[in-house]
Amino acid sequence: MAAVPSDLEREQIFSMAEKEMEYRVEMFNKLTHTCFKKCVDNKYKDSELNMGENSCIDRCVSKYWQVTNLVGTLLGNTRPM
């Protein structure tokens with residue numbers, strides 16, 4: 001049977017989850033801003049993205065995640081024991 005976490009442990013878990021959520025929202029906002037700025041023309045001609053813009057955004061998001069994962073892996077490997 002699993003032990004019930006103490007109030008302090010629950011508070012720490014909640015705090016970590018809160019920080020993780022803030023990090024993910026910030027990362028999503030940066031990704032959205034970066035890829036939109038790079039791929040979508042400032043002069044909106046259509047109400048929807050065209051094929052070129054869609055492809056550009058798809059590649060941009062893919063590269064953004066690859067780099068984010070690579071940096072996370074490299075930072076994870078350099079942590080002191």
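I count a disulfide when a pair of cysteine sulfur atoms lies within 2.5 Å. Here the sulfur atoms of cysteine 39 and cysteine 56 are 2.1 Å apart. Cysteine 39 sits in helix H1 and cysteine 56 in helix H2, so the pair ties together parts that are 17 residues apart in sequence. Helices here are DSSP runs of H or I with at least four residues, and they are numbered from the N terminus.

Before going on, I noted that this is a predicted model, where local features need pLDDT of at least 70, side-chain atom pairs count only at pLDDT 80 or more, and totals for chains, interfaces and linings use all residues. Residues are numbered from 1 along each chain as its sequence is written, and side-chain values use heavy atoms, with hydrogens and water left out.

Buried or exposed, I asked of cysteine 39? Cysteine 39 counts as buried, at 10% relative accessibility. Cysteine 56 is buried too, with a relative accessible area of 13%. My cut-offs: buried is under 20% relative accessible area, exposed is over 50%, and partly exposed is in between, using a 1.4 Å probe and protein chains only.

How many disulfides does the structure hold? I found two. The other one joins cysteine 35 to cysteine 60, S to S 2.0 Å. This pair links distant parts of the chain, with cysteine 35 in helix H1 and cysteine 60 in helix H2, 25 residues apart. The link of cysteine 35 and cysteine 60 is left-handed, with -85 degrees about the S-S bond. Cysteine 35 and cysteine 60 are both buried. With the bonded cysteines numbered in sequence order, I get the pairing 1-4, 2-3.

Next I looked at the helices themselves. The axes of H1 (residues 7-39) and H2 (residues 51-77) come within 9 Å and cross at roughly 140 degrees. That makes H1 oblique to H2. Axes are lines fitted to C-alpha atoms, for helices over the stretch in contact, and angles run from 0 to 180 degrees between N-to-C directions. Under 35 degrees is roughly parallel, over 145 roughly antiparallel, 65 to 115 roughly perpendicular, and the rest oblique.

Which residues meet, with contact meaning heavy atoms within 4.5 Å? On the H1 side I listed Tyr23, Met27, Lys30, Leu31, Thr34, Cys35, Lys38 and Cys39, and these meet Glu53, Cys56, Ile57, Cys60, Val61, Tyr64, Trp65 and Thr68 in H2.

Note on methods. Helix = DSSP H or I, 4+ residues; strand = E, 2+ residues; numbered from the N terminus. Contact = heavy atoms within 4.5 Å.
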